[in-house]
Amino acid sequence: MPPTLKDVAERAGVSRAAVSRTFTDGASVSLKMRKKVVKAADELGYSPNALASSLTTGRTKLIGLVSNNFHNPIFLEVFDLFTRGLQDRGLRPLLVNLSDETDPAHSIRMLRQYSVDAVVVASSTLPPGFAKSFRDAGVPVVHSFGRYSSSPDVHVVGIDNVECGRMAARELMRRGYTDVAFLGGPESATSTQDRFKGFLEELSRHPDVAVRHTFADAYSFNAGRKEMLKRLDDRPAQAYFCGDDVLSIGALSAITGSGLKVPDDIGLIGLNDMEMAGWENINLTTIRQPIAQIIDSSIELIASLLATPDRYPEARLFSCRVVERGTLRPVV
């Protein structure tokens with residue numbers, strides 16, 4: 001049988017309440033008492049029972065990590081950073097795969113069954129009202145990679161997707177392209193809408209440049225490849241701003257598989273700067289989203305919400321930059 005709290009108390013020669021206080025965050029216990037209890041616990045190989053502790057404190061330290069982008073490799077990086085960051089703070093992530101679910105009611109019911117202390121919605125494609133539903137249900141929530149608003153309903157941490165669209169357009173103009181296109185993710189996604197909006201806004205200042213657009217049915221390699229193959233059947237644009245890196249990599253596969261060269265025949269610029277974008281066989285020029293900083297800030301907000309759940313919602317915005325590699329022609 002594993003050692004119990006009672007065993008530790010007997011070994012240390014203290015009360016069970018003293019052992020409980022020693023392993024309860026913020027509880028009052030003297031340094032001398034703490035040393036005795038910790039020494040006894042180490043000798044016995046005792047670890048506090050997290051479930052039993054939650055019954056006492058009313059806190060599970062479980063954080064729901066909700067997303068619907070599991071087919072996108074970028075989220076392997078996102079989940080790795082989130083889970084490690086939460087665990088470093090003594091919190092426990094509970095991963096929720098929404099797949100094609102857009103109604104938050106099911107997720108709210110499920111997360112309440114596990115008594116999560118808070119929720120992180122990690123998605124750029126879910127509607128803004130999705131995260132707000134958790135707040136309305138009384139669950140502290142942070143929307144990571146969410147849509148920026150100057151007066152948010154919930155805490156939002158992310159980037160200005162409209163400005164990213166402008167950045168992509170400016171980069172294509174710097175390189176002298178006169179026929180460009182936007183290849184976005186799902187048209188219903190707020191990230192797609194905002195990136196397309198910024199792209200068009202910037203290009204409206206260049207009436208001599210031809211502009212087209214198309215949308216893939218998902219942020220995935222196969223969707224990007226499929227959509228680019230359709231474009232190649234017609235007269236393709238000189239260069240494409242793809243809605244994210246995985247779409248760009250799918251488009252790159254379609255172009256090279258059709259006997260064309262990037263950037264000699266068609267140029268590509270993506271968004272995210274996922275690890276694969278820098279691989280030698282991909283070498284994608286892209287707009288870097290500071291994923292690690294966004295996740296660190298999201299975790300800091302979640303931790304603060306556990307202490308002050310009624311904290312007024314804020315939006316935290318991070319800057320992006322172009323990472324130049326090899327899928328656009330040189331600057332003219």
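## Two helices that cross

A crossing of two helices is called left-handed if the near helix is turned anticlockwise from the far one by less than a right angle, and right-handed if it is turned clockwise. Helices (H or I, at least four residues) and strands (E, at least two) are here DSSP runs, numbered from the N terminus. This is a predicted model, in which local features need pLDDT of at least 70 and side-chain atom pairs count only at pLDDT 80 or more, while totals for chains, interfaces and linings use all residues. Residues are numbered from 1 along each chain as its sequence is written, and side-chain values use heavy atoms, with hydrogens and water left out.

Two packed helices are described by the angle between their axes and the distance between the axes. Axes are lines fitted to C-alpha atoms, for helices over the stretch in contact, and angles run from 0 to 180 degrees between N-to-C directions. Helix α8 (residues 161–174) packs against helix α9 (residues 190–203) at an angle of about 45°, and their axes lie 6 Å apart. The two helices α8 and α9 are therefore oblique to each other, given that angles under 35 degrees count as roughly parallel, over 145 as roughly antiparallel, 65 to 115 as roughly perpendicular and the rest as oblique. The crossing of α8 and α9 is right-handed. On the side of α8 the contact (heavy atoms within 4.5 Å) involves residues including Gly165, Ala168, Ala169 and Leu172, and on the side of α9 residues including Asp194, Arg195, Gly198 and Phe199. The residues of this contact of α8 with α9 divide into seven nonpolar, four polar and seven charged, where Ala, Val, Leu, Ile, Met, Phe, Trp, Tyr, Cys and Pro count as nonpolar, Asp, Glu, Lys and Arg as charged, and the others, Gly among them, as polar.

Helix α6 (residues 104–113) and helix α7 (residues 128–136) pack at an angle of about 35°, with 10 Å between their axes, and α6 passes α7 in a right-handed crossing. The contact is made by Pro104, Ser107, Ile108 and Leu111 of α6 together with Phe130, Ser133 and Phe134 of α7. These residues of the contact of α6 with α7 divide into five nonpolar, two polar and no charged.

Helix α7 also holds Pro128, which counts as partly exposed at 43% relative accessibility; buried means under 20% relative accessible area, exposed over 50%, and partly exposed in between (1.4 Å probe, protein chains only). Not counting residues up to four places away in sequence, Pro128 touches Arg147 and Thr190.

## Aromatic rings

A pair of aromatic rings is described by the distance of the centres and the angle of the planes. Rings of Phe, Tyr and Trp (its six-membered ring) pair if their centres lie within 6.5 Å, and planes under 30 degrees apart count as stacked, over 60 as edge-to-face and the rest as tilted. By this rule the count comes to nine aromatic pairs. In one of them, the rings of Phe182 and Phe199 have their centres 6.0 Å apart and their planes at 40°, so this pair is tilted. Phe182 lies in strand β6 (residues 179–184) and Phe199 in helix α9, so the pair ties together parts that are 17 residues apart in sequence.

Both Phe182 and Phe199 are buried. Phe182 also forms a tilted aromatic pair with Phe241, at 5.5 Å centre to centre and 55° between the planes. Because Phe182 lies in strand β6 and Phe241 in strand β8 (residues 239–242), this pair ties together parts that are 59 residues apart in sequence. One aromatic cluster is formed by Phe182, Phe196, Phe199, Phe215 and Phe241.

## Backbone details

Most residues other than glycine have a negative phi, and most peptide bonds are trans. Phe145, although not a glycine, has a positive phi of about 65°; Phe145 is placed in the loop between β4 (141–144) and β5 (155–159) and is buried, with a relative accessible area of 7%. Asn272 lies in strand β9, and its phi is near 135°, a positive value in a residue other than glycine. A cis peptide bond, with omega about 10°, joins Val262 and Pro263, and Pro263 is found in the loop between α11 (245–257) and β9 (267–272).

## The whole chain

The secondary structure of the protein chain comes to 12 helices and 12 strands, and its C-alpha trace spans about 85 × 40 × 30 Å along its principal axes. Of the 332 residues in the protein chain, buried residues make up 48%.
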